[in-house]
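Visitor: Can you walk me through this one? Keep it brisk.

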Amino acid sequence: SKKIQQVLDLLSEDHRVVILLREVEGLSYEEISDTLGISQGTVMSRLHYARKKLQQALKEFAPAGLEEDVA
């Protein structure tokens with residue numbers, strides 16, 4: 001839990017908000033778009049970059065040999 005919060009803190013506010021709304025709150029792209037007043041394309045872009053950053057930050061927790069498959 002602590003590590004996840006530390007990794008989330010690495011994200012910009014814009015990226016953190018969309019990842020939390022999508023992955024924690026379960027909102028659709030359209031709902032996130034409406035909530036934040038941004039286009040669905042922007043939601044998708046922010047989610048993409050947020051996930052890439054999270055993937056990099058959490059790579060150390062992947063089982064041995066898996067990090068090559070994820071990259």
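This is a predicted model: local features need pLDDT of at least 70, side-chain atom pairs count only at pLDDT 80 or more; totals for chains, interfaces and linings use all residues.

**Helix crossing and overall make-up**

Guide: Helix 2 and helix 3 cross with a right-handed sense. That means the near helix is turned clockwise from the far one by less than a right angle.

Visitor: Which residues make the contact between the two?

Guide: Helix 2 brings Val17, Val18, Leu21 and Arg22, and helix 3 brings Tyr29, Ile32 and Leu36. Contact is heavy atoms within 4.5 Å. By class, there are 6 nonpolar, no polar and 1 charged residues. Here Val, Leu, Ile and Tyr count as nonpolar, and Arg as charged.

Visitor: What's the packing angle?

Guide: About 135°, with the axes 10 Å apart, for helix 2 (residues 13–24) and helix 3 (residues 29–36). Axes are lines fitted to C-alpha atoms over the stretch in contact, and angles run from 0 to 180 degrees between N-to-C directions.

Visitor: New topic. How many helices and strands?

Guide: 5 helices and 0 strands. Both are DSSP runs, numbered from the N terminus: helices are H or I, at least four residues, and strands are E, at least two.

Visitor: How much is buried?

Guide: 24% of the 71 residues. Buried means under 20% relative accessible area, with a 1.4 Å probe and protein chains only.

How values were computed. Residues are numbered from 1 along each chain as its sequence is written. Side-chain values use heavy atoms; hydrogens and water are left out. Buried means under 20% relative accessible area, exposed over 50%, partly exposed in between (1.4 Å probe, protein chains only).
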